[in-house]
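Hi,

Please find the structure below. My notes on its salt bridges follow.

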Amino acid sequence: PYRDQIRMTRVEASMAQGPVWARSQGSSMIKQEEFCMQIDAHMDFSDNFDSLMMEAWAKADNEYAILSSYVNDMNTMPFHGPGKKGVNGVFEVPHLCMVLFHGAGGMPRNWGTKCARHLSQPKLTNAVWGAGLSFSKCHAEKKVPDDIHLPKIFDGEEFSRAARFWTYGYDIYTPHRAYIFHDYK
(Lines give C-alpha, C1' and ligand atoms only; values in the text may rest on other atoms or scores of the structure.)
Protein backbone atom coordinates (compact mmCIF):
# COMPACT_ATOMS: atom_id res chain seq x y z
CA PRO A 1 0.00 0.00 0.00
CA TYR A 2 3.00 2.36 0.33
CA ARG A 3 4.52 1.78 -3.10
CA ASP A 4 4.19 5.49 -3.95
CA GLN A 5 6.54 6.25 -1.03
CA ILE A 6 9.36 4.09 -2.37
CA ARG A 7 12.15 5.50 -4.54
CA MET A 8 14.65 3.16 -6.11
CA THR A 9 17.65 3.33 -8.37
CA ARG A 10 18.73 0.06 -9.95
CA VAL A 11 22.41 -0.38 -10.69
CA GLU A 12 24.11 -3.23 -12.51
CA ALA A 13 26.56 -4.99 -10.19
CA SER A 14 29.43 -4.24 -12.57
CA MET A 15 28.71 -0.51 -12.19
CA ALA A 16 28.52 -0.51 -8.37
CA GLN A 17 31.21 1.45 -6.55
CA GLY A 18 30.88 0.28 -2.96
CA PRO A 19 28.90 1.27 0.14
CA VAL A 20 29.70 5.00 0.31
CA TRP A 21 28.80 5.47 -3.35
CA ALA A 22 25.57 3.45 -2.85
CA ARG A 23 24.60 5.50 0.21
CA SER A 24 25.20 8.70 -1.77
CA GLN A 25 22.67 7.45 -4.32
CA GLY A 26 20.13 7.05 -1.52
CA SER A 27 20.84 10.52 -0.13
CA SER A 28 20.26 12.01 -3.57
CA MET A 29 16.65 10.71 -3.52
CA ILE A 30 15.61 12.67 -0.41
CA LYS A 31 12.77 15.09 -1.10
CA GLN A 32 10.79 16.84 1.65
CA GLU A 33 11.01 14.16 4.35
CA GLU A 34 11.59 15.45 7.87
CA PHE A 35 13.56 12.49 9.25
CA CYS A 36 16.06 10.20 7.55
CA MET A 37 17.40 6.86 8.68
CA GLN A 38 20.28 4.86 7.26
CA ILE A 39 20.66 1.21 8.27
CA ASP A 40 22.21 -2.01 7.07
CA ALA A 41 20.07 -4.34 4.94
CA HIS A 42 19.81 -7.17 7.48
CA MET A 43 17.83 -5.49 10.25
CA ASP A 44 14.57 -5.92 12.16
CA PHE A 45 12.48 -3.41 14.10
CA SER A 46 10.40 -3.05 17.26
CA ASP A 47 6.76 -2.18 16.75
CA ASN A 48 6.39 1.58 16.24
CA PHE A 49 10.18 1.95 15.88
CA ASP A 50 9.72 5.04 13.70
CA SER A 51 7.77 6.97 16.34
CA LEU A 52 10.09 5.70 19.07
CA MET A 53 13.18 6.86 17.15
CA MET A 54 11.64 10.33 16.69
CA GLU A 55 10.90 10.48 20.42
CA ALA A 56 14.48 9.40 21.21
CA TRP A 57 15.85 12.04 18.83
CA ALA A 58 13.69 14.70 20.57
CA LYS A 59 15.19 13.74 23.95
CA ALA A 60 18.58 14.93 22.69
CA ASP A 61 17.01 18.42 22.53
CA ASN A 62 19.30 19.35 19.64
CA GLU A 63 18.16 20.12 16.09
CA TYR A 64 21.57 18.94 14.89
CA ALA A 65 21.47 15.60 16.75
CA ILE A 66 22.28 12.38 14.93
CA LEU A 67 21.47 9.10 16.69
CA SER A 68 24.04 6.56 15.60
CA SER A 69 25.50 3.27 16.75
CA TYR A 70 26.07 -0.33 15.88
CA VAL A 71 22.78 -1.80 17.06
CA ASN A 72 21.89 -4.66 19.39
CA ASP A 73 21.87 -8.21 18.08
CA MET A 74 18.53 -9.47 16.81
CA ASN A 75 18.34 -12.16 19.52
CA THR A 76 17.87 -9.39 22.13
CA MET A 77 14.81 -7.96 20.35
CA PRO A 78 12.19 -9.70 22.56
CA PHE A 79 13.61 -7.89 25.61
CA HIS A 80 13.35 -4.35 24.22
CA GLY A 81 10.54 -1.97 23.34
CA PRO A 82 7.60 -0.46 25.23
CA GLY A 83 6.75 -2.36 28.40
CA LYS A 84 9.98 -4.39 28.30
CA LYS A 85 12.86 -4.23 30.78
CA GLY A 86 15.89 -5.12 28.70
CA VAL A 87 18.03 -8.27 28.80
CA ASN A 88 18.12 -9.53 32.42
CA GLY A 89 16.27 -6.37 33.45
CA VAL A 90 19.03 -4.11 32.15
CA PHE A 91 18.68 -1.72 29.22
CA GLU A 92 21.99 -1.91 27.40
CA VAL A 93 22.79 -0.17 24.14
CA PRO A 94 26.02 -0.31 22.16
CA HIS A 95 28.00 2.92 22.53
CA LEU A 96 30.53 3.55 19.75
CA CYS A 97 33.72 4.79 21.31
CA MET A 98 36.69 2.97 19.77
CA VAL A 99 38.54 3.78 16.55
CA LEU A 100 41.51 1.99 15.00
CA PHE A 101 43.89 3.93 12.81
CA HIS A 102 45.17 0.90 10.94
CA GLY A 103 42.17 -0.57 9.11
CA ALA A 104 42.41 -1.86 5.53
CA GLY A 105 44.74 0.33 3.50
CA GLY A 106 45.78 2.20 6.65
CA MET A 107 42.34 3.81 6.88
CA PRO A 108 40.75 4.57 10.26
CA ARG A 109 37.74 2.45 11.17
CA ASN A 110 35.38 2.01 14.07
CA TRP A 111 36.58 -0.92 16.10
CA GLY A 112 33.77 -1.63 18.49
CA THR A 113 31.45 -0.55 21.23
CA LYS A 114 31.15 -0.53 24.96
CA CYS A 115 27.78 -1.00 26.63
CA ALA A 116 25.90 1.99 27.98
CA ARG A 117 23.34 1.02 30.60
CA HIS A 118 20.10 2.57 31.80
CA LEU A 119 20.44 5.81 29.83
CA SER A 120 17.47 8.14 30.33
CA GLN A 121 18.22 10.04 27.14
CA PRO A 122 20.63 9.75 24.19
CA LYS A 123 24.31 10.01 25.18
CA LEU A 124 26.58 12.46 23.38
CA THR A 125 29.49 10.53 21.84
CA ASN A 126 33.03 11.54 21.05
CA ALA A 127 31.96 12.14 17.42
CA VAL A 128 32.03 8.47 16.41
CA TRP A 129 29.40 7.74 13.77
CA GLY A 130 28.27 4.27 12.67
CA ALA A 131 26.87 3.42 9.25
CA GLY A 132 24.78 0.59 10.76
CA LEU A 133 22.31 3.14 12.20
CA SER A 134 22.10 6.84 11.53
CA PHE A 135 18.88 8.70 12.41
CA SER A 136 18.51 12.46 12.11
CA LYS A 137 16.60 15.28 10.53
CA CYS A 138 17.03 15.03 6.78
CA HIS A 139 18.88 18.34 6.66
CA ALA A 140 21.91 16.38 7.92
CA GLU A 141 21.78 14.12 4.85
CA LYS A 142 21.31 17.12 2.56
CA LYS A 143 24.04 19.28 4.10
CA VAL A 144 26.50 16.43 4.61
CA PRO A 145 25.78 13.82 1.95
CA ASP A 146 27.86 10.69 1.64
CA ASP A 147 31.00 11.47 -0.30
CA ILE A 148 30.49 10.16 -3.84
CA HIS A 149 34.25 10.53 -4.36
CA LEU A 150 35.08 7.57 -2.09
CA PRO A 151 34.56 4.67 -4.49
CA LYS A 152 34.85 1.17 -3.05
CA ILE A 153 35.71 2.50 0.42
CA PHE A 154 34.59 0.49 3.44
CA ASP A 155 37.24 1.13 6.09
CA GLY A 156 37.40 4.89 6.51
CA GLU A 157 33.77 5.54 5.59
CA GLU A 158 32.53 6.08 9.13
CA PHE A 159 35.48 8.15 10.31
CA SER A 160 35.21 10.43 7.27
CA ARG A 161 31.48 10.95 7.68
CA ALA A 162 31.80 11.63 11.42
CA ALA A 163 34.43 14.31 10.77
CA ARG A 164 32.29 15.90 8.08
CA PHE A 165 29.18 15.90 10.31
CA TRP A 166 31.20 17.50 13.12
CA THR A 167 32.57 20.26 10.86
CA TYR A 168 28.98 21.12 9.87
CA GLY A 169 27.95 21.44 13.52
CA TYR A 170 26.21 18.09 14.01
CA ASP A 171 26.47 16.14 17.27
CA ILE A 172 26.39 12.34 17.33
CA TYR A 173 24.52 10.56 20.12
CA THR A 174 24.14 6.95 21.17
CA PRO A 175 20.41 6.11 21.28
CA HIS A 176 19.22 5.49 24.85
CA ARG A 177 17.08 2.47 23.87
CA ALA A 178 17.21 -0.28 21.28
CA TYR A 179 14.41 -0.25 18.69
CA ILE A 180 16.37 -1.53 15.68
CA PHE A 181 18.24 -4.83 15.66
CA HIS A 182 20.93 -6.38 13.49
CA ASP A 183 21.25 -9.96 12.26
CA TYR A 184 24.97 -10.37 12.89
CA LYS A 185 24.91 -13.99 11.75
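**Salt bridges in the predicted model**

Glu33 and Arg7 form a salt bridge, with their closest N and O atoms 2.6 Å apart. The pair links distant parts of the chain. Glu33 sits in the loop between helix H1 (19-27) and strand E1 (35-39). Arg7 sits in the segment before H1, and the two are 26 residues apart. Note that this is a predicted model.

How exposed are these two partners? Glu33 is partly exposed, with a relative accessible area of 31%. Arg7 is also partly exposed, at 36%.

Next, Lys137. Its side chain meets that of Glu34 in a salt bridge, at 3.1 Å from N to O. Glu34 lies in the loop between H1 and E1, and Lys137 lies in strand E8 (residues 133-137). The pair therefore ties together parts that are 103 residues apart in sequence.

Is Lys137 buried or exposed? Lys137 has 13% relative accessibility, so it counts as buried; the cut-off for buried is under 20%.

Lys137 also meets Glu63 in a salt bridge, at 3.6 Å from N to O. Glu63 is in the loop between helix H2 (49-59) and strand E3 (65-68), so this pair ties together parts that are 74 residues apart in sequence. Glu63 is partly exposed, with a relative accessible area of 38%.

Which residues do shared partners join into one network? They are Glu34, Glu63 and Lys137.

For the overall count, the structure holds seven salt bridges. Those described above are among them.

Best wishes

Technical notes:
Residues numbered from 1 in each chain as written. Predicted model: local features only at pLDDT ≥ 70, side-chain atom pairs only at ≥ 80, totals over all residues. Heavy atoms only, no water. Salt bridge = Lys/Arg side-chain N within 4 Å of Asp/Glu carboxyl O. Helix = DSSP H or I, 4+ residues; strand = E, 2+ residues; numbered from the N terminus. Buried < 20%, exposed > 50% of the residue type's maximum accessible area, 1.4 Å probe, protein only.
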